[in-house]
Amino acid sequence: MSELQHPNSRSFELVADVYERARPEYPPDAVAWIVEELGLRPGRTVLDLGAGTGKLTRALVPTGAQVIAVEPGERMLAELRTVLPDVDAHLGAAESIPLPDDSVDAITVGQAFHWFRHDEALPELHRVLRPGGGVALIWNSRDQERPLQREISDLIRPLIPPDRPPAGESARLLGGGPLFGPVERRTFPYPQRLDADGLVERIASVSFVAAAPAERRADLERRLRAIAAAQGGTVEFDYLTEVFVSRAA
C-alpha cells in the first residue's frame, strides 16, 4: 500500500465501505461551476486526485472529458473501481502522481487537499498540468451555523487529534506561491435529511472517529441516536460546500 498523505488519513481505510455509503455526493450547482471553470468537455483530460471512493469522480464522467482517478488508499480505490469500473484508476499519492509531465488539462480534489504534504504536492500538481491548466478544490463542510452541527461538533471535539490539518483553510496554500495564480472561492448550501442510521454512519466515516477506541465510538453512537430520536427520527444535516479554483502560473 502506498503511503497516505497524512498519518491520520489512514483511518479512512478502516471505513471505506461506510464512507461510500454515508458520504454525500456534491451539489450539482457546485459541480457545474467546476465544469465551467475547468472547461471539462470531450477532448479534455481531468485528474481527480485523492479520489477516495469516487464521490467526485462520478460527477465528472458525464462531462465527456477523459477522467483519471488517483487514490492512495487501496480499500478506497477498490470501492471506486467497483462503482466506476470504466474509469482509469491508479494507486498513487499527491506527492508522487503516477502520470507524465503535462498530461492533464485540469485537476480536481474532493475532501482531500488538506491531507496533502503541500511542499511536495503542489510541484507535482504543477508538473502534470498542461500550461494554464486549472485546479478545483471542493469540500462538503458541515454548516456550523446550524444548531445540529454545533451539537455534533461538541460531541466529537474530544476525539479530534491535535495535529489534524484544517480543511478549507488549506486552500489558501494553492495560491500562496509561484506555481498557481489567485484563488477564486464560491460556496453552495447543501441540505441533507438523514435517519438515525444515516447520521451514525456519516459521523463514523470521519477519520478520527474511525480511529477512536470502540467504547468511545459506541458512546458516540448512542448520543447520535438520541439526537435523531429527539427530532422525530430524522435530522436536517446541513452542509456548506466550498469550492476553490486556481490556474497554473
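Colleague: How far apart are the closest N and O atoms in the salt bridge between Arg 186 and Glu 184?
Modeller: They sit 4.0 Å apart; a salt bridge here is a side-chain nitrogen of Lys or Arg within 4 Å of a carboxyl oxygen of Asp or Glu. This is a predicted model, where local features need pLDDT of at least 70 and side-chain atom pairs pLDDT 80 or more, while totals for chains, interfaces and linings use all residues. Residues are numbered from 1 along each chain as its sequence is written, and side-chain values use heavy atoms, without hydrogens or water.

Colleague: Is Arg 186 buried, partly exposed or exposed?
Modeller: Arg 186 is partly exposed, at 40% relative accessible area, and Glu 184 is partly exposed too, at 37%. Buried means under 20%, exposed over 50%, and partly exposed in between (1.4 Å probe, protein chains only).

Colleague: How many salt bridges turn up in the whole structure?
Modeller: The search finds 20. One of them joins Arg 127 to Asp 101, with the closest N and O atoms 2.7 Å apart. Because Arg 127 is in helix 5 and Asp 101 is in the loop between strand 3 and strand 4, that pair ties together parts 26 residues apart in sequence. Helices (H or I, at least four residues) and strands (E, at least two) are DSSP runs numbered from the N terminus.

Colleague: And which residue does Arg 225 bridge to?
Modeller: Asp 197, with 2.9 Å between the closest N and O atoms. That pair also links distant parts of the chain, 28 residues apart: Arg 225 belongs to helix 9 and Asp 197 to helix 7 (residues 196-204). There is a network as well, in which bridges with shared partners join Glu 20, Glu 25, Lys 55 and Arg 58.

Colleague: Switching topic, how many residues are in the largest nonpolar core?
Modeller: It has 26, and Leu 47, Leu 49, Ile 107 and Leu 137 have the most contacts inside it. Two or more residues come from each of strand 1 (45-49), strand 2 (66-71), strand 4 (104-110), helix 5 (118-128) and strand 5 (129-142). Apart from it there is another core, of 21 residues, including Tyr 190, Val 206, Ala 228 and Val 235. A core is a set of buried Ala, Val, Leu, Ile, Met, Phe, Trp, Tyr and Cys joined through side-chain atoms within 4.5 Å.

Colleague: Ala 228, then: what does it touch?
Modeller: Leaving out residues up to four places away in sequence, Ala 228 touches Ala 196, Leu 199, Gly 233, Thr 234 and Val 235, with contact meaning heavy atoms within 4.5 Å. Ala 228 lies in helix 9 (residues 214-230) and is buried, at 0% relative accessibility.

Colleague: Where is Thr 108?
Modeller: In strand 4. Thr 108 is buried, with a relative accessible area of 0%. Beyond four places in sequence, its contacts include Ile 34, Leu 38, Leu 47, Leu 49 and Ala 136.

Colleague: Last one: how many aromatic pairs does the search find?
Modeller: It finds 4. Phe 113 and Phe 116 have ring centres 5.5 Å apart and planes at 65°, so they are edge-to-face. Trp 139 and Phe 244 are edge-to-face as well, with 5.8 Å between centres and 80° between planes. Here the partners are 105 residues apart, Trp 139 in strand 5 and Phe 244 in strand 7 (residues 234-247). Trp 139 is buried at 2% relative accessibility, and Phe 244 is buried at 7%. Rings of Phe, Tyr and Trp (its six-membered ring) pair with centres within 6.5 Å; planes under 30 degrees apart are stacked, over 60 edge-to-face, the rest tilted.
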